[in-house]
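Welcome! Take a look at it first, and then read on.

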2 protein chains.
Amino acid sequence: MPVYKAPVEDTLFLLNDVFGIERYNNLPGFADASADVIEAVLGEGAKLCEEVLQPINYSGDQEGCTRHSDGRVTTPKGFKEAYEAYAGGGWIGLAMDPEYGGQGLPYTLGAVMNEYASAANMAFAMYPGLTMGAMAALYVHGSDEQKQTYLPKMIEGKWSGTMNLTEPHCGTDLGLLKTKAVPNGDGSYAITGTKIFISAGEQDITENIVHLVLARIEGAPAGTKGISLFVVPRNKLGLDGSVGANNGVSCGSIEHKMGIHGNATCVMNYEGAQGWLVGAENKGLNAMFVMMNEARLGVAIQGLAQSEVAYQNAVAYAKERLQGRALTGAKEPAKAADPIIVHPDVRRTLMSIRAFNEAARAFVLWNALKSDVAHRSGDAAERQAADDQLGLMTPVLKGVLTDVGFDNAVKAQQMFGGHGYIAETGVEQFVRDARIAMIYEGANGVQAMDLVGRKLGRDGGRAIMGFFNEVGGFLKDNAEDEALKPLLAPLQVSLGHLQQAAMWFMNNALARPDNAGAGATDFMHLLGLVSLGYMWAKMAKAAQEKLKAGADGATERMNAKLVTARFFMERSLPETAVHLARITAGADTTMALSAEQF
Amino acid sequence: MPVYKAPVEDTLFLLNDVFGIERYNNLPGFADASADVIEAVLGEGAKLCEEVLQPINYSGDQEGCTRHSDGRVTTPKGFKEAYEAYAGGGWIGLAMDPEYGGQGLPYTLGAVMNEYASAANMAFAMYPGLTMGAMAALYVHGSDEQKQTYLPKMIEGKWSGTMNLTEPHCGTDLGLLKTKAVPNGDGSYAITGTKIFISAGEQDITENIVHLVLARIEGAPAGTKGISLFVVPRNKLGLDGSVGANNGVSCGSIEHKMGIHGNATCVMNYEGAQGWLVGAENKGLNAMFVMMNEARLGVAIQGLAQSEVAYQNAVAYAKERLQGRALTGAKEPAKAADPIIVHPDVRRTLMSIRAFNEAARAFVLWNALKSDVAHRSGDAAERQAADDQLGLMTPVLKGVLTDVGFDNAVKAQQMFGGHGYIAETGVEQFVRDARIAMIYEGANGVQAMDLVGRKLGRDGGRAIMGFFNEVGGFLKDNAEDEALKPLLAPLQVSLGHLQQAAMWFMNNALARPDNAGAGATDFMHLLGLVSLGYMWAKMAKAAQEKLKAGADGATERMNAKLVTARFFMERSLPETAVHLARITAGADTTMALSAEQF
């Protein structure tokens, strides 16, 4: 059976030693989050994930969800109780405004908990995750009444939330959507249409489900300019907040999927369902984007989470499985064979996953902190800089962490040989679950286009220039540090590749947009690699300082950080050259064939 | 529902125009394989795969195999009839000696059919595939009596074959195996033990199953030097060839796997089963290697096959799915949106798969022809050169074609967005099926170690020097061809990377074997890339010549070849630099952490 231990120590190293979270004490909620509080909070979260969520991950995959003929959906055994424990622990409202029952703690801590929960049980973690996404949209765009009506119940865990965007004929291209909204005359609308791929669209966990639905108000303009966002509870609400009859919302079927079997993916039918506008008419996409940006960071975290849990299981297996002898002579001569962790190719695989995971975790927290700054700082310039970075990095986080996270789950599975292909080992589930993260909340190719087509050039390239300055500044400030030199020299080279690629787009993509499109995915990964390399540089510096200061019990861990940093620079960072080569190859051969020649 | 069309035209281009199969007319069996015969044979094979095997691929995955309480196993609907059609068409004995009922045609044609069948239905194709592997071992190492007893029945499709190597505690490290063989005194042995992961170990397709089993004769030396190979029919044989009572062979359970659900993966129990030695005592691994080398090439072909069928489905979807508009303006303004094949990132993805598939097919056929030469040529020097290349390239074919084949199935799935995650679309099955090919017949890390640890240095590096000379010679011979220059210049660079890597191993791995181990997988992919690049150079030259000669109906196809060759050189070949960088980084950081630090 699979194992999982939440990497609390590593998280604390990042928050305390690398990013100095105490420096953010001036932000609302952060003063309450002293080092002791953070450690206690994360310890509690880890316990819940390890002891409640992880034990029902494999069984949840095997059992899956069942839709009954009346449209009800049963979730796997234990999911309802786990949700109650999750809400009961205050995790759904962790970062939410205390006015609605939240704890008002940093969003960053919520991101940490999301990693642990997604690693322990990704299909389960989507239920609270989607609820929190829906809450974020309601909090920013909902009316006071809507917030009072929905948020406390969602925080309590009585009601859950979903997002309804996709229709059979449109996913990425939401301008094509057909679901319609007809005014009822009382301020509400009658919503009619079919939505597909609605995660957690129906379940037996909460007493009501708060659907956020994109629809087109009768007579609205065509395309994306005529889309509005509605809140549509599955069951009607009594004036006293009680849950009444069904509101014309039903689950028509659930999908038979590759993975995340514990989370029902529903076809949702709206038949004159009563809904209320969230935010302004025809501005639904804006409102939904609040939800989608947070959801994209959440999906990025799922990529990291599956990579982490797959890694932990591969390590455990590699230490225990006896097969062959070390190339340098038997390491455990008393046993029939050595554990496979002695083999360099096994090590190489484990180190490559580890080097990614630790940097990806840093990359997530660095940006989660920016999210807190963007939402909570009183300083407009600081807010803007944080928002710039978040806009730039959200597609990179989503695309890179899920692409590489999936690859890493596959690599980890490979360590098990034939046993990794068997369901009961549990590791093939990580691969199947991780796969969806590359697809939903905007397929990764769409993330790359968002990055190159929208984010890169926005405000004269202010965000990417900010990143260049930050990394360049770090390299300059630490140029005299002899111990860091072997790490910083490759980072300098790769930063150069990134700058050349950005310059190449400036010179070649404005006149020929296909040159941007053909290089978009490579640029996303190039920026991802430089970002992860920068994270390693910062972590190595922090580890070095900790060692100098006398790291007490952390000496081995800090030495391992320095080794892993070097591994990343030697073996992952060189890929930036290939991405640059592909980008500068341009679109000619990519676009040369006619559709008929395919 | 998924589609599949066997790429017969592309195969014929390779056989006729690139590799000039008519030059092999002096080999036994090749004279019978005139251009017309080959076209007719492949046409028939394509028809069988498209019309019989492909239609039961998805249903076979959904239905899977069932083990009954008495140990019988039921295969999915249609598999038995398909096997009869396969054997009835002469495909099992296609390349086998006519003395035993085979057709004696080139093995190369069998490799082509294996691609088509594996693309149409991988789980099914394993039944005849394993039978052919077992036949190969019996043909080379079996006694005349054994050959007369088993081969005709297997060719007819009455009996099937399997290979039994793995035990619960040993897969790669066969020296640990425990299954024992006790002489019965009549020349036969009583075989007792448990084997796991036995593909096609039990089924309801054939009236008997011929198990080839590795076991240790009582008193044999420990380790790999005490392993013998036995032929163990599931049912006893009457003197008249009739099938009698069970021979102490039973299927104890079948695995619940990630994919290839149509093929039962069995735990096989041997309880004093009567078996006969195949080849010499204690030389079982040698005998098994005949089977394994052929099986490894077969698995390489599965990687290509899943990449091809996934590609074909992604192309069909990309031409049909309407979403968004081309960056250069609407291509189909009358429709609600353009088909997604207009998007450069979709094109990039499709082109990268295509560029691999066509080169991988060439790589397979180039080596399949070498296999025919190695087994059939009357010229000892020619046989040796062919055998050298096969030994060197078998791990590369297996490792690279299955690694990249799987990645390509994932990329193709990505083109479908959320629809690709749903079972009924059929494409997620390709991913799950393709995954096993990286694992079985020697996990890809083991292939890499076989390449670097055994094949590279064998006979003073004769095989790799032969490859350097061949590619170097091609580059020199065509140096004046202006049209080829943009293709050959990058190939020259990458050949240089390969040579530097080989040199680095010579200088650094003898004294420190971990340096070979830590670079093995990268070397395997580096050699794979240069090989595929060489294939593209040869294909481009052939396409150019065909165009000059007036390609008739093939002009568009040949132009597409030239574009795709260039795409490969621009976008795939640059990866050789990264592999070289990783190899020359050596083993230091890879091996630095203690096992406890993981």
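How much area is buried between chain A and chain B? In this predicted model, the answer is about 7800 Å². Carbon and sulfur atoms give 59% of that area.

**Where the two chains meet**
- Chain A brings 91 residues to the contact, and chain B brings 91 residues as well.
- On the chain A side, the residues that lose the most area to chain B are A:Tyr421, A:Arg571 and A:Phe598.
- Together, A:Tyr421, A:Arg571 and A:Phe598 make up 12% of what the chain A side buries.

**Overall form of chain A**
- Chain A holds 18 helices along with 11 strands.
- Its radius of gyration is 24 Å, which agrees with the value near 25 Å that a compact globule of 598 residues would have.
- Along the principal axes, a box of roughly 75 × 60 × 60 Å is filled by the C-alpha atoms of chain A.

**Inside chain A**
- Of the 598 residues in chain A, 63% are buried.
- Among contacts in chain A with a separation of 6 or more, 73% come from residues 24 or more positions apart.

Technical notes:
Residues are numbered from 1 along each chain as its sequence is written. Chains are lettered from A and ligands numbered from 1 in the order in which they are written. This is a predicted model: local features need pLDDT of at least 70, side-chain atom pairs count only at pLDDT 80 or more; totals for chains, interfaces and linings use all residues. Side-chain values use heavy atoms; hydrogens and water are left out. Helices (H or I, at least four residues) and strands (E, at least two) are DSSP runs, numbered from the N terminus. The radius of gyration is taken over C-alpha atoms; the globule rule is 2.2 Å times the number of residues to the power 0.38. Buried means under 20% relative accessible area, exposed over 50%, partly exposed in between (1.4 Å probe, protein chains only). Contact means heavy atoms within 4.5 Å. Buried area is the accessible area (1.4 Å probe) that two parts lose on being put together, summed over both.
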